Amino acid sequence: MDISELYSIFKEHPTVTTDSRDCPEGSIFFALKGASFNGNAFAKNALAGGCAYAVVNEKEYAEDGDGRYIVVDDCLKALQQLANRHRRELGTRIVGITGTNGKTTTKELTAAVLGERYNVLYTQGNFNNDIGVPKTLLRLTAEHEIAVVEMGASHPGDIKELVDIVEPDCGLITNVGRAHLQGFGSFEGVVRTKGELYDYLRAHGGNAFINGGDHALMGISQGLKLIKYGLEGTDGAEVTGEVTVCDPYLNFRWHACGGEWHDVRTHIIGSYNMMNMLAAACVGLHFGVTPEQIDHALASYVPKNNRSELEVTAHNSLIIDAYNANPTSMGAAIANFRDMKADRKMAILGDMGELGAVSAEEHQRVADMLGQCGIDEVWLVGDEFGRTDCGFRKFKDVEEVKQAITDNRPEGFTILIKGSNSMKLFQLPQLL
């Protein structure tokens with residue numbers, strides 16, 4: 001079956017699923033395959049569970065004479081092509097967002113700002129890969145006036161693949177940093193891959209929102225129509241700002257070029273998040289959201305999913321940033337924590353994943369930085385931190401940390417919790 005025929009079916013059944021355990025009535029099941037599973041084997045279950053159709057790419061799983069089975073060459077490609085066709089049919093304006101750090105937060109903030117004026121569809125959670133992005137696009141309806149789509153990458157070519165599906169009208173790269181180096185091969189590989197968003201916008205005349213003070217991004221922005229934001233004094237920026245207080249919540253002020261200052265008190269931790277706020281403000285202004293509406297959206301945003309959260313328990317104050325970690329974000333979090341005012345500070349930091357050959361060097365760099373910060377207590381978790389040369393307390397895994405907390409829980413600390421999601425440090429707040 002070709003995409004035109006499949007799209008005709010989708011218009012009658014506009015819900016897709018890739019999980020045979022979650023089959024809304026009348027939906028279409030796509031039988032995706034992975035290293036340890038074959039969705040084709042669950043097509044029959046999906047139909048029994050409520051799906052109207054099952055898209056498979058292995059004919060032996062399509063029962064003869066049953067028109068509910070749709071056979072294609074590649075289920076993932078079919079899902080992606082269907083999403084692209086749907087995006088083209090609706091013609092919704094789309095803002096594409098990628099970057100090493102802050103892309104999910106920036107996506108959430110941008111959606112909140114645009115939501116002050118428009119009916120906005122945006123990526124849920126971090127569904128930003130080759131499966132999540134098309135599923136996001138397939139949630140678009142004619143009622144949506146604009147969409148904000150997050151795109152992630154861990155290998156060269158990932159962003160190109162996604163922008164070819166999304167076809168964004170404009171875009172934003174939050175930053176480029178030292179993450180997923182095992183997949184990218186080098187920092188330069190990160191820059192080239194994230195820059196694939198710029199390549200698309202350059203070729204199609206789209207606008208790029210850009211931190212005018214980011215030399216790496218400015219260095220690959222030639223030929224683009226740029227809309228700049230940045231710190232106060234950034235040359236040519238249409239939106240600038242500066243931190244006023246960050247203890248612990250970020251308070252900052254911003255203004256549009258030639259406009260009055262706006263003070264915003266946020267519910268988010270970390271001075272490094274101001275640039276994400278300015279990015280969202282810049283996008284909002286471009287699409288006609290008023291400064292007052294922008295202020296309201298940014299001040300009302302409350303982070304979740306273990307990203308820059310503050311939680312005060314009966315025993316400690318916790319800064320929870322345990323969703324992910326790489327050398328760039330880890331350094332920013334530690335620097336922000338160092339500058340915070342608190343009587344007693346403690347850091348519980350987990351390994352940073354996917355760094356390849358430079359992993360030992362990057363973990364040692366973090367340990368060295370910690371040694372210069374004057375933090376009262378530091379616990380390092382994981383094999384990579386375990387091999388660093390430092391005097392901090394070390395733990396093999398989160399289970400050892402949980403036992404240590406059970407035996408002698410820290411009391412009266414402000415505690416930074418950060419590490420790659422695989423370290424499972426998100427299990428700690430309930431114990432602290």
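Modeller: Glu-354 is partly exposed, with a relative accessible area of 42%. Please keep in mind throughout that this is a predicted model.

Biologist: Where is Glu-354 found, and what is its phi?

Modeller: Glu-354 is found in the loop between E16 and helix H14, the latter covering residues 359–371. Although Glu-354 is not a glycine, its phi is positive, at about 60°.

Biologist: Is Glu-167 buried or partly exposed?

Modeller: Glu-167 sits in the loop between H6 and strand E8 (170–173), and it is not a glycine although its phi is positive, at about 50°. Its relative accessibility is 16%, and the cut-off for burial is under 20%. Glu-167 therefore counts as buried.

Biologist: Turning to Thr-106, is this residue buried or exposed?

Modeller: Thr-106 has its place in helix H4, which runs over residues 103–114. Because its relative accessible area is 0%, Thr-106 is buried.

Biologist: Which residues does Thr-106 touch, leaving aside those up to four places away in sequence?

Modeller: With residues up to four places away in sequence not counted, the neighbours of Thr-106 include Asn-276 and Ala-279, and these two also belong to the H11 side of the contact between H4 and H11.

Biologist: How do H4 and H11 cross, and at roughly what angle?

Modeller: The axes of H4 and helix H11, residues 274–286, come within 8 Å of each other. The crossing is right-handed, and its angle is roughly 35°.

Biologist: How many residues of the contact of H4 with H11 are nonpolar, polar and charged?

Modeller: From H4 the contact is made by Thr-105, Thr-106, Leu-109, Thr-110, Val-113 and Leu-114, and from H11 by Asn-276, Met-277, Ala-279, Ala-280, Val-283 and Gly-284. By class, the residues of this contact divide into seven nonpolar, five polar and no charged.

Biologist: Which helix gives the largest share of the lining of the largest pocket?

Modeller: The largest pocket holds about 1300 Å³ of space, and of the 50 residues that line it, Thr-100, Asn-101, Gly-102, Lys-103 and Asn-326 are the closest to its centre. At least two lining residues are supplied by each of H4, helix H6 (158–166), helix H8 (187–194), H11 and H13. The lining divides into 12 nonpolar, 27 polar and 11 charged residues. The largest share, four residues, comes from H13.

Biologist: Which elements give two or more residues to the lining of the second largest pocket?

Modeller: About 230 Å³ of space lies in the second largest pocket, and among its 14 lining residues Thr-15, Val-16, Thr-17, Lys-135 and Arg-139 lie nearest its centre. By class, this lining has five nonpolar, five polar and four charged residues. The elements that give two or more residues to the lining of the second largest pocket are strand E1 (16–17) and helix H5 (132–137).

Biologist: What separates the C-alpha atoms of Ala-342 and Lys-135?

Modeller: Ala-342 has its place in the loop between helix H13 (327–339) and strand E16 (345–350), and Ala-342 is partly exposed, with a relative accessible area of 28%. Lys-135 is one of the residues nearest the centre of the second largest pocket. Along the chain, Ala-342 and Lys-135 are 207 residues apart, and their C-alpha atoms are separated by 44 Å.

Technical notes:
Residues are numbered from 1 along each chain as its sequence is written. This is a predicted model: local features need pLDDT of at least 70, side-chain atom pairs count only at pLDDT 80 or more; totals for chains, interfaces and linings use all residues. Side-chain values use heavy atoms; hydrogens and water are left out. Buried means under 20% relative accessible area, exposed over 50%, partly exposed in between (1.4 Å probe, protein chains only). Contact means heavy atoms within 4.5 Å. Axes are lines fitted to C-alpha atoms, for helices over the stretch in contact, and angles run from 0 to 180 degrees between N-to-C directions. A crossing is left-handed if the near helix is turned anticlockwise from the far one by less than a right angle, and right-handed if clockwise. Ala, Val, Leu, Ile, Met, Phe, Trp, Tyr, Cys and Pro count as nonpolar, Asp, Glu, Lys and Arg as charged, and the others, Gly among them, as polar. On a 1 Å grid over the protein atoms alone, a cavity is a set of points where a 1.4 Å probe fits but cannot get out, and a pocket is an open set with protein on both sides within 12 Å along at least five of seven lines; lining residues have an atom within 4 Å of a point. Grid points are joined across faces, edges and corners, and a volume is the space filled by probe spheres set on the points.
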